[in-house]
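Me: I have a structure open and would like to learn how to read it. Could you walk me through it?

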Amino acid sequence: MKVNVIELFITSLDNSSTIWFFNSKPVTSRGMYMSIFWVVDTKVRVLPQSSLPQDGSTFYFGRSIVPDESKESAVVRLTAALEEDFMLVEEVSNVTTYDSQQWETEADEDFETKESYEEALQTGEIAFGCFSSELSMED
């Protein structure tokens, strides 16, 4: 049996990050395959202790990028990460893979989808995008 192994790395123009590819799959600096990047839209209740700026709204809507192997695990990890910053998930309204669309709508820009993806790609960690309060969405 013949095995073809392709190894490649890409460094950003400013040399701030490098992504390795092994057999066409991105890998981390530790040599582990990177996860699927999930785009998770949530409705959260923000407690007063949270670091999120608050305007008196009951609910805030956010979009986060979660690197994980499964959709279910991504939601569990995001929920735990939000709770660490005193945000309680009331609803998960959408979960999809980042690769499933272009992310070029006005809403995608408002939620900083591409920027959050780049952050998650570089760090391998959950990236919270922008959270919008229900009051700000009424304007």
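**Rings, sheet and helix**

Reply: Let's start with two rings. Tyr 98 and Tyr 117 are both buried. Keep in mind that this is a predicted model.

Me: How do I describe a pair of aromatic rings?

Reply: Give the distance of the centres and the angle of the planes. Here there are 4 aromatic pairs. One of them joins Tyr 98 and Tyr 117. Their centres are 3.8 Å apart, with 0° between the planes, and the pair is stacked.

Me: Where in the chain do Tyr 98 and Tyr 117 lie?

Reply: Tyr 98 is in the loop between strand 6 (87-97) and helix 2 (106-110). Tyr 117 belongs to helix 3 (residues 113-123). They are 19 residues apart, so to speak in distant parts of the chain, and the pair links those parts.

Me: Which residues form one aromatic cluster?

Reply: Phe 37, Tyr 98, Trp 103 and Tyr 117.

Me: What about Phe 128 and Phe 131: stacked or edge-to-face?

Reply: Edge-to-face. The centres are 6.4 Å apart, and the planes make 70°. Planes over 60 degrees apart count as edge-to-face.

Me: What sits over the ring of Phe 59?

Reply: The charged end of Lys 43. It lies 4.2 Å from the ring's centre.

Me: Now the sheet. What is the order of its strands?

Reply: The order is 6-4-5-7. This is an open sheet of 4 strands, and the pairing is antiparallel. Strand 6 and strand 7 (127-133) stand at the edges. Each has a single partner strand, so one side of each has no neighbour in the sheet. From one strand to the next, the twist averages 20°.

Me: How many bridges join strand 4 to strand 5?

Reply: There are 10. Strand 4 covers residues 36-46 and strand 5 covers residues 59-68. For example, Ile 36 has Asp 68 in strand 5 as its bridge partner.

Me: Which strands does helix 3 touch?

Reply: Helix 3 packs on the sheet and touches strand 4, strand 5 and strand 7. Its direction makes about 35° with that of strand 5.

Me: Why do some residues of a helix point the same way?

Reply: An α-helix has 3.6 residues a turn, so residues three or four places apart point the same way. Now the case here. Helix 3 has these buried residues: Thr 113, Ser 116, Tyr 117, Ala 120 and Leu 121. Seen down the helix axis, they fall within an arc of 135°, so they line one face. The face turned away from them carries the exposed residues Glu 115 and Gln 122. Just after helix 3, Gly 124 has a positive phi of about 75°.

Me: Which residues does Thr 113 contact?

Reply: Setting aside neighbours within four places in sequence, they are Arg 63, Ile 65, Tyr 98, Trp 103 and Asp 108. Thr 113 has 1% relative accessibility, so it counts as buried.

Me: And Thr 42: buried or exposed?

Reply: Buried, with a relative accessible area of 3%. Thr 42 lies in strand 4. Beyond four places in sequence, it touches residues including Tyr 60, Leu 78, Val 89 and Phe 131. Thr 42 and Thr 79 are 37 residues apart in sequence, and 9.2 Å apart in space, C-alpha to C-alpha.

Notes
Residues numbered from 1 in each chain as written. Predicted model: local features only at pLDDT ≥ 70, side-chain atom pairs only at ≥ 80, totals over all residues. Heavy atoms only, no water. Phe/Tyr/Trp six-rings, centres within 6.5 Å; stacked < 30°, edge-to-face > 60°. Helix = DSSP H or I, 4+ residues; strand = E, 2+ residues; numbered from the N terminus. Buried < 20%, exposed > 50% of the residue type's maximum accessible area, 1.4 Å probe, protein only. Lys NZ or Arg CZ within 6 Å of the ring centre and 35° of its normal. Pairing = 2+ DSSP bridges. Axes fitted to C-alpha atoms, helices over the stretch in contact; angles between N-to-C directions. Contact = heavy atoms within 4.5 Å. Arc of directions from axis to C-beta.
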